[in-house]
Amino acid sequence: MISLGHKRIAYISGVDTMYDSVQRQEGYLAALREHQLEIDEDYILQGYFEEEGSYNVVKSFLRSHHDKVPEAFLAGNDLSAIGCIRALKSEGYRVPEDVSVMGFDDIEIAQYFSPPLTTVRNQIARQGMLVIDHLVRLIQKKEQGKPQKLSGEIVVRGSCQVRIKRDDLI
């Protein structure tokens with residue numbers, strides 16, 4: 001999103017006690033810091049990884065902060081991104097023309113949603129195989145617990161676009 005020119009990016013978090021949720025939010029904050037973008041606490045919304053929870057929190061945010069609508073929303077998962085898009089549309093915003101939205105996980109419906117959802121695809125099958133292999137090695141006492149990172153892949157669809165400044169149109 002930053003490479004598309006977005007500077008005011010909100011984040012829709014999941015559940016504070018879930019590892020994935022915490023790591024994704026930390027990644028969001030690290031990216032803002034790395035690119036020297038402002039971290040605005042108002043831009044961190046709690047959607048609980050739920051479509052309806054995200055819909056409600058985004059709709060409430062838009063109504064109470066109409067003077068500081070972000071240029072983009074990064075959602076902690078695809079269901080939250082879908083709830084975000086629904087809330088934006090219900091308040092008269094167009095996705096991606098007015099606001100870009102991106103999710104995580106590449107769930108099946110993401111490609112069929114309107115607009116099709118830009119998302120991060122995780123290596124779920126690979127994760128499962130590594131977990132099983134690691135568990136077997138732990139049980140056999142051949143290994144100790146260790147974290148392992150797998151790279152994700154951005155799947156570009158229709159919910160994000162390059163930020164066009166109004167000055168550029170004149």
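Helices (H or I, at least four residues) and strands (E, at least two) are DSSP runs, numbered from the N terminus. In this protein they follow the order β-α-β-α-β-α-β-β-α-β from the N terminus on. That comes to four helices and six strands.

This is a predicted model: local features need pLDDT of at least 70, side-chain atom pairs count only at pLDDT 80 or more, and totals for chains, interfaces and linings use all residues. Residues are numbered from 1 along each chain as its sequence is written, and side-chain values use heavy atoms, without hydrogens and water.

The C-alpha trace spans about 65 × 35 × 30 Å along its principal axes. Of the 170 residues, 39% are buried. Buried means under 20% relative accessible area, exposed over 50%, and partly exposed in between (1.4 Å probe, protein chains only). Contact means heavy atoms within 4.5 Å. Among contacts with a separation of 6 or more, 71% join residues 24 or more positions apart.

Backbone exceptions come next. Most residues other than glycine have a negative phi, and most peptide bonds are trans.

Pro96 lies in the loop between helix H3 (78-90) and strand E4 (100-104). Pro115 sits in the loop between E4 and strand E5 (118-121).

Gln36 has a positive phi, near 55°. Its loop runs between helix H1 (19-34) and strand E2 (44-46). Gln36 counts as exposed, at 73% relative accessibility. Lys141 also has a positive phi, about 60°. Lys141 lies in the loop between helix H4 (124-139) and strand E6 (153-155). At 74% relative accessibility, Lys141 is exposed.
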